[in-house]
Amino acid sequence: QNDIFRLYELEKDRVNSNHPYSKFFTGNKSTLLEGTKSQGIDLRQQLVNFYERYYSSNQMALAIVAPQSIPQLKKFVSEAFGSIPNREVSPPEDTWAFRVPPYEEGKSLVPAAKTIME
């Protein structure tokens with residue numbers, strides 16, 4: 001590990017455990033496959049659930065820069081993205097934004113960071 005990662009871990013440790021920022025943020029094949037299995041989590045089903053709940057055209061934005069005409073670009077976009085469903089869903093953060101404080105009282109003090117040589 002390096003000092004930047006240690007500081008990031010320190011920051012995450014200070015965060016309210018009910019806030020999404022405190023959750024999983026990085027991993028590898030082992031943590032994604034074996035780690036989830038050992039916790040009884042069906043990773044594929046969790047991804048499918050997320051897709052079915054939040055993958056919606058009303059959550060997306062598209063920017064195009066191209067030399068074609070506007071009508072031609074509209075046709076391209078419609079063909080490429082028109083099948084994305086509009087589930088009329090709210091963004092995932094609406095479930096916690098401004099409802100779950102990022103820091104808990106008493107955990108907001110920041111210890112001094114000291115570079116550690118390995």
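Trainee: What ground rules apply?

Mentor: The model is predicted: local features need pLDDT of at least 70, side-chain atom pairs count only at pLDDT 80 or more, and totals for chains, interfaces and linings use all residues. Residues are numbered from 1 along each chain as its sequence is written, and side-chain values use heavy atoms, leaving out hydrogens and water.

Trainee: Where is Asn16, and is Asn16 buried or exposed?

Mentor: Helices are DSSP runs of H or I with at least four residues, numbered from the N terminus. Asn16 sits in the loop between H1 and H2. Buried means under 20% relative accessible area, exposed over 50%, partly exposed in between (1.4 Å probe, protein chains only). Asn16 counts as buried because its relative accessibility is 5%.

Trainee: Which backbone oxygen does the side chain of Asn16 reach?

Mentor: A polar contact pairs N or O atoms within 3.5 Å; within protein, one must be able to donate a hydrogen and the other to accept it, and residues adjacent in sequence count only if both atoms are side-chain atoms. Here the Asn16 side chain reaches the backbone oxygen of Pro101 at 3.0 Å.

Trainee: Which residues does Tyr21 touch?

Mentor: Contact means heavy atoms within 4.5 Å. Setting aside residues up to four places away in sequence, Tyr21 touches Tyr8, Glu11, Lys12 and Val15. Tyr21 is also in the loop between helix H1 (3-14) and H2. Tyr21 counts as partly exposed because its relative accessibility is 32%.

Trainee: What happens at the start of helix H2?

Mentor: H2 covers residues 29-38, and at its start a side-chain oxygen of Asn28 comes within 2.9 Å of the backbone nitrogen of Ser30.

Note on methods: Helices (H or I, at least four residues) and strands (E, at least two) are DSSP runs, numbered from the N terminus.
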